[in-house]
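Please read these notes with the sequence and the 3D view open side by side. Each point can be checked on its own.

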Amino acid sequence: MNDSEYELIQRSIDGDLTPEEKLLLDECLRKDPEAARLANRLRGLTRSLADVQRVEVPGELKSAILSRIAARRRTTAVEPVSLWDSLRNLKRFFAPDYGWAFALGAVSAAIALTLALDWSPNTLPSDSSQLRGTIGLSDSFTASVEVSRKTISLPQVSASLAVAAEPGAVLVQFQCDSPDPVRMEFIFDAGDLAFASYDNSGFGQSALACEDNRLQLTSTGANKYTVRFDDNTDQPSDIILKIYSPELIHQETFPTQRKTDD
Amino acid sequence: MSEYGDQELVKDCLNGNTEAFGELIDRYQKPIFNVALRFVNDYDEAQDITQTTFVRAFERLAGFRSELKFFSWLYRIAVNEALNTVKRLRTKEELTEIAGGTPTPEESLCRSELETNIEEALMELQIDYRMAIVMRHFADLSYREMSFVLDIPVKTVKSRLFSARRLLCDILMQRGILAYE
């Protein structure tokens, strides 16, 4: 018996043969008693398995599932970031028409970054809500600062993330709230970034591992992180965020491109 | 709501209609429960796997890709949960011990001698083989669907299924459930 006969037998069991293939298999089985025996056994097995009754589900199963879902939703109540509106307002305020405001750019950026740490309760923006703005552009500064900000709304993870690149450093600030362990992976696809410091002001559990261009954080409960990377090059470095819980449930790229003014 | 397709129910659910998720539970709790039951051969564990599967599905619904079939996606979660359960139970011996315990009234009502033999024979198979048999014969998945659910190539699905069937035949023949000829 060769592989193609095995394949035909298997597919005949699964009702997957064309009429031509069925004729071919019949011919094979006539010539090969061993193959015919195997085919008979497998058909017998299929009949036996088909005779096994499907078990009725317990009557309370559905209500138990819905109760668990309701309980989980209560414990994963979202606590998004108040920075959202602040950044939007700042961006409008520092529009090019207001040239005098450019001088305050650095101060604004500092305020914005400080606000990023203030995670006050608010209404969660929609899943796709996103703001990218350039803050603090000024002729008097040697570099601009670009902030990429995103609130990620996943049913089991409340994650808010702000990425800011400034001369010599990249800051990643985010919060995560999930009763189950959530693994987040930050990958830097370019540049020369080195992990510098890490702070968790939340009250959950977390573990951090960093190697080469990859930072891995496992978070359980409510955590608020600030991670700082030293950056010794002028290359732009996109940050790829992957969230696993336990499989990959979200992936997104955050640009941290900087412009150096002459 | 029963005339709704799965995709519409998922969409409704994402729009905040939890009743739509209840409809999805109605549709798939029985097949998921039966798959779990054949996999772990324990009524309580099967209930727990089913519950966790739906809770996980609800939590991950926003990540569900509409080009997938909902039930394939659900089975994939169920397989992972079942594997986690098996890991937790650690060894085949522990599972066999559970299987040999006193059946619940519900189990007693549902079991025939054939079913008992098949359940026990399934538990003698390696996990991968058992899962292949369960997915094909109890979940009625196609090769392609099994490929997605088990996260293996179609070619591997076929070879694994073939090996699993032959091994199960041997076990059932030894038990006198299947004829040698």
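1. Basis. This is a predicted model, in which local features need pLDDT of at least 70 and side-chain atom pairs count only at pLDDT 80 or more, while totals for chains, interfaces and linings use all residues. Residues are numbered from 1 along each chain as its sequence is written, and chains are lettered from A and ligands numbered from 1 in the order in which they are written.

2. Chain A. This chain has six helices and nine strands; helices (H or I, at least four residues) and strands (E, at least two) are DSSP runs, numbered from the N terminus. Of its 262 residues, 32% count as buried. A residue is buried if 20 or more other C-beta atoms lie within 10 Å of its own, exposed if 12 or fewer, and partly exposed in between, with C-beta atoms placed from the backbone. Taking contacts in chain A between residues at least 6 apart in sequence, 63% join residues at least 24 apart. Two residues are in contact if their C-beta atoms, placed from the backbone, lie within 7 Å.

3. Contact between the chains. Chain B gives 35 residues to the contact and chain A gives 31. On the side of chain B that touches chain A, helix 2, helix 3 (43-59), helix 7 (113-124) and helix 10 (154-174) of chain B each supply at least two residues. The largest share, eight residues, is from helix 2 of chain B. By class, that side of chain B holds 19 nonpolar, eight polar and eight charged residues. Here Ala, Val, Leu, Ile, Met, Phe, Trp, Tyr, Cys and Pro count as nonpolar, Asp, Glu, Lys and Arg as charged, and the others, Gly among them, as polar.

4. One residue of chain A. Which residues does A:Leu49 touch, not counting residues up to four places away in sequence? They are B:Ile118 and B:His137. A:Leu49 sits in helix 3 (residues 33-51) of chain A and is buried because 20 other C-beta atoms lie within 10 Å.

5. Cores. The largest nonpolar core has 62 residues, and B:Val35, B:Ala36 and B:Ala78 have the most contacts inside it. Helix 2 (residues 18-40) of chain B provides the largest share of this core, eleven residues. Another core, of 13 residues, lies apart from it and includes A:Met184, A:Tyr225, A:Phe229 and A:Ile239. A nonpolar core is a set of buried Ala, Val, Leu, Ile, Met, Phe, Trp, Tyr and Cys residues joined through C-beta atoms within 7 Å. Leaving aside neighbours within four places in sequence, B:Ala78 is in contact with B:Ile32, B:Val35, B:Ala36, B:Ile49 and B:Thr53.

6. Helix 8 of chain B. Nine of its twelve residues are buried, so this helix is largely enclosed by the rest of the structure. Among the buried residues are B:Arg130, B:Arg136 and B:His137. Their cover includes helix 3 of chain A, together with helix 2, helix 4 (70-89), helix 7, helix 9 and helix 10 of chain B. The twelve residues should span 16 Å at 1.5 Å a residue, and the end C-alpha atoms are 15 Å apart, which agrees. The expected span is 1.5 Å times one less than the number of residues.

7. Helix 10 of chain B. Its 21 residues should span 30 Å, and its end C-alpha atoms are 30 Å apart, which agrees. The buried residues include B:Val157, B:Arg160, B:Leu161 and B:Arg165. What covers the buried residues includes helix 1 (3-13) and helix 3 of chain A, with helix 7, helix 8 and helix 9 of chain B. Just after helix 10 of chain B, B:Gly176 takes a positive phi of about 80 degrees.

8. Most residues other than glycine have a negative phi. B:Asn41, not a glycine, has a positive phi of about 55 degrees; B:Asp140 also has a positive phi, near 55 degrees. B:Asn41 is in the loop between helix 2 and helix 3 of chain B, and B:Asp140 is in the loop between helix 8 (127-138) and helix 9 (143-150) of chain B. Are these residues buried or exposed? B:Asn41 counts as buried, with 21 C-beta neighbours inside 10 Å, whereas B:Asp140 counts as exposed, with 9.
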